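Subject: Structure handover

Hi there,

Here is the structure I promised to pass on to you. Have a look at it first, and then read on for my notes.

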Amino acid sequence: MTPLMMMSLEPALRWQNWKGSFDEALVFLRPAFADAVEYVSAELPNELRADVTSVLRQLCEPDPVKRGHPLDTRTGGNTFSLERYVTRFDLLAKKAELALRNAS
Amino acid sequence: MSFADGRRRRQVVPRWRPWWVTARLGLADSGAGSRIVGTPDTATIDRRREEWLENHDIPHAADLIGTAFGMGLGERVRDAAEFVLGTETGVPAPLLVLAKTIVNGDAQLPASPIDIDHAGRHVRIHKLKNRLKNWPHDAIACIDLAREYTIVGQRPNALKPVTVALALAPHSPFVVRSAARFFLNCGDAERALAVVRRTPGVSSDPWLLAAEIAIASAAETSSRMVRAARSMINRGHFAPRHLSELASALATVELESGNRRGARKLFAAALQHPTENAVAQAEWVSSEIVELDLRISEHAPERSYEARALSSLGEGEWDAAVESAKLWRLDEPFAARSAYFGSWTAVVVSKDFSTALQFAEFGLSTKPEDLLLLNNKVVALALLDRPNEAARTLGKIDAVRAAEKSEATYLATWGLVEYRSGRPETGRVFYQRARDAAKKSRNAREEAWTMLFQAREEQRFDRQRAHGLLVEARATIHRLRRREALVAERLLEIVAQPD
């Protein structure tokens, strides 16, 4: 996601040149992140798009306070934990396998 | 018709451009930060390169490119990017774009602002609304949406996105300056000022300080930040580019309080590494207030359209003045100033009345009740020999407000419509009343322009009378400021040589 976000940013706003605060940067990181997610989302197969995009948004959210599973961010849980995603990824893998099998 | 925008006070109020243009112009960074940036560990790039050399395929090239570009070292993987671009199938679209960025470099600002028609504006509005539906916390999209609404004349719709943006990013100079400009454009200078003043850290950001001082002047109130601004300029902690608008705003305050020497010094500081707004301010001051001998033409940052329009007019480069005004309008389509300037200039330095009409109509599409734009539209329509439409437009002008603001202009325009409607006698009565009003208010400028415009009409009815008016006008012109006198002489020349 980092290179895709950087692609949407003017060179002066990229991490190696930006000298301002993170709060200020977050204002333009949000649209850059939105662009990056939309780039990736457009590449995903229809049957997985919504789920993968949602996971991507949660795990790569540029604001660390909001990053992670919504239940963890809301309840003060560990937002770095991937526990809640294990079942989700498992389900996604099965969906993908099924789609591949149907396609062949 | 009055001397267009020239006499209106000008302040270095913030420009309001789309985010991508602001960022590309290098105006998105306040210069206030001092973060120290570490050097990335490039060992990962070397490892990815080895992997790519072993497995010369797209996934490994993607890993290498992504890693290097993410570290800000895209130039080190140009070969991998070229490999991606040379691969015909199976390349994900984002990777292609990334590879193109590495090979071709970052996109540059277009040579001139993009001309977008009304339908195009609505497409943008639709896209931005969709973006906000999916990403409601995007303050920049909110501001860009508000700008589009303002351009298409839907200011009430712009209020909500501006308010949301301010709530989402109350500390962002881009958001705050844009929001302030929005309120200023709505005629609410007090709210514009309040928005800037309540920004956290306003006194430590040169761009916000500049906005506070300029907007306070526009609101005809005293700035609370003059001392902080002076101290910031004197300390010299910021690069000259970041201080350009601040020094310019302060210079204008000094000039208005009669301190020419101080103003000149500050303008010189503002022009060290100027923004185009600061250059336009210096050009306007030199043109309308006092010649400061600043060698302004040496400074020409990108998008200096307003400054170029003013300086071309002062140099007698009439076509260039109109052309620059067209670009100025594209750069700030919601602002009336370029429309005032363009609609007036096209009428007095040339006979291109269609262009004058276009300028007035563009301006009215965002500010439909603006008195000066309505007036300039009437003039352009009358000069295009469309008196009925001119009279209908004249009827839309609030006579009481017009008389309060500029009685002579309003009466003269009425006179012009009468002449073009084939009633020179009534036209003369109105023009006489206009001259009387100008004399009463001791406004030599209004008087000179009234005579010149009437002379143009009399050339069609009574050449002797026209000659008399031109003689009188010539005697009055020397009382005008140098640049205005030059333009008045141009009109005199046009009128003296009728078709």
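To begin with confidence: what pLDDT does chain B average, and what percentage of its residues score at least 70? This is a predicted model, and chain B averages a pLDDT of 90, with 95% of the residues at 70 or above. One stretch to keep an eye on is residues 1-6 of chain B, where the pLDDT is below 50. Even so, beyond near neighbours in sequence, that stretch has 26 contacts in the model. For the model as a whole, the scores are ipTM 0.88 and pTM 0.89.

Next, the place where the two chains meet. On one side are 25 residues of chain A, and they are in contact with 33 residues of chain B. Two helices of chain A, H1 (2-8) and H2 (22-43), each supply at least two residues of the side that touches chain B. The largest share of that side comes from H2(A), with eleven residues. By residue class, the side of chain A that touches chain B divides into 14 nonpolar, four polar and seven charged residues.

From H21(B), the contact is made by B:Pro387, B:Ala390, B:Ala391 and B:Leu394, and from H22(B) by B:Thr413, B:Trp414, B:Val417 and B:Arg420. These residues divide into six nonpolar, one polar and one charged.

The other pair is H25(B) (residues 463-477) with H26(B) (residues 482-496): their axes come within 10 Å and cross at roughly 165°. That makes H25(B) roughly antiparallel to H26(B). The crossing of H25(B) and H26(B) is left-handed. On the H25(B) side, B:Leu470, B:Ala473, B:Arg474 and B:Ile477 take part, and they meet B:Ala485, B:Ala488, B:Glu489, B:Leu492, B:Val495 and B:Ala496 in H26(B). The contact of H25(B) with H26(B) divides into eight nonpolar residues, no polar ones and two charged.

Happy to go through any of this with you.

Best wishes

Terms used. Residues numbered from 1 in each chain as written. Chains lettered and ligands numbered in written order. Predicted model: local features only at pLDDT ≥ 70, side-chain atom pairs only at ≥ 80, totals over all residues. Contact = placed C-beta atoms within 7 Å. Helix = DSSP H or I, 4+ residues; strand = E, 2+ residues; numbered from the N terminus. Nonpolar A, V, L, I, M, F, W, Y, C, P; charged D, E, K, R; others polar. Axes fitted to C-alpha atoms, helices over the stretch in contact; angles between N-to-C directions. Parallel < 35°, antiparallel > 145°, perpendicular 65-115°, else oblique. Left-handed = near helix turned anticlockwise from the far one by under 90°. pLDDT = per-residue confidence, 0-100.
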